[in-house]
Amino acid sequence: MSEPKNKRQKREDYRAALRANGVTELPRKKFYRQRAHANPFSDHSLIYPPTPKQMDWASLYPHYAVEEPTEQKTETTESEKTTGQELSAPAIRKLTKNVEVADIGCGFGGLLIALAPVLPETLVLGLEIRVSVTQFVEDRIKALRVQNEEQKLYRNIAVLRANTMKFMPNFFNKGQLNKIFICFPDPHFKARKHKQRIVSTTLNSEYAYVLRPGGIIYTITDVPDLHEWMVGHFNAHPAFERVSDEEQEADPLVEIMRNETEEGKKVTRHNGQKHVALFRRLEDPQWPEEVSA
């Protein structure tokens with residue numbers, strides 16, 4: 001059943017007015033509501049870079065942008081070789097540092113906001129597939145930056161609408177990240193929907209690609225079956241080992257993950273149980289020495 005036009009119009013009018021004023025006040029969540037689930041296999045008309053080096057990070061982290069943009073050279077075609085022309089991609093401003101922490105399925109941004117002051121020297125990125133929810137987090141971050149301009153807070157966090165199940169290697173280079181958060185992902189209870197879970201044999205290989213050795217994947221859920229699924233798949237992957245309970249509980253980011261996400265707060269209100277597991281990216285095995293002929 002479609003939503004009443006007047007309700008949609010109120011949402012659109014609120015967002016337009018908020019942005020017209022430069023987003024100086026925190027957005028109200030009720031004007032950004034959207035269905036809790038999105039099919040990751042659907043065509044969401046997403047925009048993504050062909051390669052990580054063509055990603056415009058400066059638009060997300062303007063305070064870390066290098067002043068002079070760098071022109072991107074692309075492969076020259078045969079016709080261009082004949083005419084002496086070279087194909088150049090649009091100039092892209094570089095950053096003084098790379099994104100190193102990713103929150104996959106960041107929801108309404110609770111974890112991002114909490115991590116900003118705790119990791120002040122680290123660029124943290126939230127990835128969210130839902131349009132309205134992404135817009136909420138974007139407006140929330142803009143308002144927080146304005147409200148804390150003198151303290152220079154919240155400049156190190158940003159949000160991007162993306163489908164990590166399809167395009168994660170398009171954004172991050174090999175070994176670029178040192179932390180990945182997977183907080184309260186969609187459990188997809190039905191067996192036929194398990195292929196849509198954000199943890200799988202294939203996806204874990206992509207996480208291993210973008211995560212540097214020694215990096216940590218943080219997982220949390222209130223669904224025991226999903227917890228066992230994630231633990232089983234990461235334990236079975238040769239690039240990961242589970243972090244001990246002692247080391248896990250000594251990590252200050254675990255407590256933030258437990259309590260600062262929207263879903264985490266909801267589980268607390270309902271006296272639910274939160275299942276946490278951390279996994280460390282192992283060093284890649286060395287290639288065997290070539291046998292001399």
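# Reading a predicted model together

Student: Which residues does UniProt list under the feature "binding site"?

Tutor: The unreviewed UniProt entry places "binding site" at Gly 105, Glu 128, Ile 129, Asn 163, Thr 164, Cys 183, Thr 261, Glu 262 and Glu 263. Keep in mind that this is a predicted model, and that such annotations may be inferred rather than shown by experiment.

Student: How many helices and strands does the chain have?

Tutor: There are ten helices and nine strands. Of the chain's 293 residues, 47% count as buried.

Student: What about Arg 130, and where does it lie?

Tutor: Arg 130 is also in the loop between S4 and H4. With a relative accessible area of 13%, Arg 130 is buried. Its side chain makes a polar contact of 2.8 Å with the side chain of Glu 128, and UniProt includes Glu 128 in the "binding site" feature.

Student: Which residues is Thr 164 in contact with, leaving aside its neighbours within four places in sequence?

Tutor: Those residues are Ile 104, Leu 127, Ile 198, Leu 203 and Glu 206. Thr 164 itself lies in helix H5, residues 164–171. It counts as buried, at 9% relative accessibility.

Student: Where does UniProt place the feature "active site"?

Tutor: The unreviewed entry puts it at Asp 186. You will find Asp 186 in the loop between strand S6 (177–183) and helix H6 (201–210). Its relative accessible area is 23%, so Asp 186 is partly exposed. A polar atom of the Asp 186 side chain lies 3.1 Å from the backbone nitrogen of His 188.

Student: What is the phi of His 188?

Tutor: Phi is a backbone angle to look at residue by residue. His 188 has a positive phi of about 45°, although it is not a glycine. His 188 is found in the loop between S6 and H6, and it is buried, with a relative accessible area of 12%. Phe 184 lies in the loop between S6 and H6 too. Its phi is near 45°, again a positive value in a residue other than glycine. Phe 184 is buried, with a relative accessible area of 11%.

Student: Which residues lie nearest the centre of the second largest pocket?

Tutor: Here is the general idea: rolling a probe the size of a water molecule over the atoms shows where empty space is left. In this structure, the second largest pocket holds about 280 Å³ of space. Its lining has 17 residues, and Ser 59, Leu 60, Glu 138, Val 159 and Leu 160 lie nearest its centre. The elements that give two or more residues to this lining are H4 and strand S5 (157–161). H4 gives the most, with seven residues.

Student: How many nonpolar, polar and charged residues are in that lining?

Tutor: By class, the lining of the second largest pocket has nine nonpolar, three polar and five charged residues.

Student: Which residues of helix H9 are buried?

Tutor: In H9 (residues 252–260), the buried residues are Leu 253, Val 254, Ile 256, Met 257 and Arg 258. To see what they pack against, look at helix H3 (110–118), S6, strand S7 (211–221), helix H8 (245–250), helix H10 (262–269) and strand S9 (275–281). At the start of H9, the backbone nitrogen of Leu 253 has a side-chain oxygen of Asp 251 within 2.9 Å.

Note on methods:
Residues are numbered from 1 along each chain as its sequence is written. This is a predicted model: local features need pLDDT of at least 70, side-chain atom pairs count only at pLDDT 80 or more; totals for chains, interfaces and linings use all residues. Side-chain values use heavy atoms; hydrogens and water are left out. Helices (H or I, at least four residues) and strands (E, at least two) are DSSP runs, numbered from the N terminus. Buried means under 20% relative accessible area, exposed over 50%, partly exposed in between (1.4 Å probe, protein chains only). Contact means heavy atoms within 4.5 Å. A polar contact is a pair of N or O atoms within 3.5 Å; within protein, one must be able to donate a hydrogen and the other to accept it, and residues adjacent in sequence count only if both atoms are side-chain atoms. On a 1 Å grid over the protein atoms alone, a cavity is a set of points where a 1.4 Å probe fits but cannot get out, and a pocket is an open set with protein on both sides within 12 Å along at least five of seven lines; lining residues have an atom within 4 Å of a point. Grid points are joined across faces, edges and corners, and a volume is the space filled by probe spheres set on the points. Ala, Val, Leu, Ile, Met, Phe, Trp, Tyr, Cys and Pro count as nonpolar, Asp, Glu, Lys and Arg as charged, and the others, Gly among them, as polar.
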